[in-house]
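Please read each point alongside the sequence and the coordinates.

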Amino acid sequence: MPRLVAGVDSSTQSCKVVIRDADTGQLVRSGRATHPEGTEVAPERWWEALRAALADAGGLDDVVALSVGGQQHGMVALDAEGRVVRDALLWNDTRSAGAAAQLVAELGPGVWATRTGSVPVASYTVTKLRWLAEHEPANAARVAAVALPHDWLAWRLAGYGPAGEAPLGPDLTALATDRSDASGTGYFSPRTGDYDRDLLVRALGHDAVLPRVAAAAERVGSVHDTDVALGPGAGDNAAAALGLGLGVGDTAVSIGTSGVVCAVSDTPAQDETGLVSGFADATGRYLPLIATLNAARVLDAAAAWLSVDHPRLSELALSAPSGADGLVLVPYLEGERTPNLPTATGSLHGIRLATSTPAHFARAAVEGMLCGLADGLDALRAAGLRPRTVRLIGGAARSPAVRQVAAEVLGLDVLVPEPGEYVADGAARQAAWVASGADTAPDWQIGSDVHVPAEPAAGAAVRERYAQARSRYLEAPAGRPLTSG
């Protein structure tokens, strides 16, 4: 009988569970449950969704190990009794933009980049703690521990939680995390592997318990009342990289709720412009990354505006010429993280009678979304990475228009893996690694890639027009390197 492992993806929108063969990676069964909408969520709802998704996946009776991948940056503040102090602020909650600006101004972007690998923006946990200290001081004073979504869920799985509600009680020292998720807090150094508690105190106003940072394949405990080993887990982007089997130099572009461009590297990144986040990966290496707030939901909005479904949106976009005859959408529909423009709004340029068609608008929406990600790819190049091909993942990667336009705008061959739950798959692969005790993660071969050849000549003109439209938000003139604003 094969050994089975479980991988969890507790994302912004839902919780997914995959059960896979530990040796081959073959999918055996899966489950899912939804999360509430919004940028502020009660963590208990994640716990309810995780239990529902595990039940939907057939439970853990035949599983030997489990790891949790989760959305990064979310602030889970706990009091001394293990109770959540207030609803978690998620990565896409931009109310802490002012706090981010304060923190950067206090030390300077170069100091932050040197000490943490990144310059704080509103997404990062450290900025949310400063916001809490300023706007809810009574709640801030109650904070005894700060966890991230995946840390907290693994802690609950191990049997810990609020006094009187969890079998093992509120042992805050039992919290554990990994380098990848810790590197998104704004008070951890991927280079040294240590927390920078001075930065935590600067934000929150006092020290607090932080999850122990475990090694890449370390067993951090067991699911309560079972022999199922718990892996250290990972942030969602690092888990996806592990699920895709990315190696040094490999690049991934993910188009989901957020847009992400990341690449595995042997060396840590520290970009004081703030464009590149110098995160860690889930294997002991590094994962320099840029993230945009406006990704697949740009396509959701475009489809809603045109009263069409996503397949029809793709058809419309492909029926229009490359460049949409000069129609350009700068899709800052929810502010933006890269570049750091939390209060920006979207804008449409080049509107004429000839471009006032559904096809032109659909094409402009796809191109605008991908131009933002192409700017991120340029930022990785400026940080010293040399991507050769791109693996395109996320829900939007299923769109034929997104695939074709990506090959143009990104200017590289695009490889599209078979649709899957890459974050949950990466968590499952980590669980198999923990169960095996091996030095490296198992070499799973899951599916094959669709290859879309690069068309950089077509994309160059699209990007130039986008840069001209985008320049209204930035100090740099059109055509100059993108800055963080």
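1. Strand β22 (residues 389-393) and strand β23 (residues 413-417) run parallel and are joined by three bridges. Within this pair, R391 stands opposite L415 in β23. Helices (H or I, at least four residues) and strands (E, at least two) are DSSP runs, numbered from the N terminus, and two strands count as paired if DSSP finds at least two bridges between them.

2. On the basis of these points: this is a predicted model, in which local features need pLDDT of at least 70 and side-chain atom pairs count only at pLDDT 80 or more, whereas totals for chains, interfaces and linings use all residues. Residues are numbered from 1 along each chain as its sequence is written, and side-chain values use heavy atoms, with hydrogens and water left out.

3. β22 and β23 belong to an open sheet of seven strands with mixed pairing, in the order β18-β19-β17-β16-β22-β23-β24. At the edges stand β18 and β24 (449-452), each with a single partner strand, so one side of each has no neighbour in the sheet. From one strand to the next the twist averages 30 degrees.

4. Helix α13 (residues 400-409) lies across β16 (251-255), β22, β23 and β24, and runs at about 50 degrees to β24. Axes here are lines fitted to C-alpha atoms, for helices over the stretch in contact, and angles run from 0 to 180 degrees between N-to-C directions. Contact means heavy atoms within 4.5 Å.

5. The largest nonpolar core has 60 residues, and those with the most contacts inside it are V253, I255, L370, L392 and V402. Helix α12 (residues 358-382) gives the most to this core, with 14 residues. A nonpolar core is a set of buried Ala, Val, Leu, Ile, Met, Phe, Trp, Tyr and Cys residues joined through side-chain atoms within 4.5 Å; buried means under 20% relative accessible area, exposed over 50%, and partly exposed in between (1.4 Å probe, protein chains only). Not counting residues up to four places away in sequence, the residues that I255 touches include M369, L370, L373, L392, I393 and V402. A second, separate core of 48 residues includes L132, L199, A241 and W433.

6. What is the state of strand β1 (residues 4-10)? Seven of its seven residues are buried. Both faces are covered, with L4, A6, V8 and S10 on one side and V5, G7 and D9 on the other. β1 pairs with strand β5 (residues 63-70) in the parallel sense over seven bridges, and D9 stands opposite G69 in β5. Strand β2 (residues 14-21) runs antiparallel to β1, joined to it by seven bridges; these two strands form a hairpin with three residues between them.

7. In helix α15 (residues 456-470), the buried residues are G459, V462, Y466, A467, A469 and R470. Seen down the helix axis, they fall within an arc of 155 degrees, so they line one face of α15; the arc is that of the directions from the helix axis to the C-beta atoms. Their cover includes β20 (328-330), β21 (347-349), α12 and α13.

8. E272 lies in the loop between β17 (259-263) and β18 (277-280). E272 is exposed, with a relative accessible area of 51%. Leaving aside neighbours within four places in sequence, E272 is in contact with P109, G110, A113 and V119. E272 and W112 are 160 residues apart in sequence and 7.6 Å apart in space, C-alpha to C-alpha.
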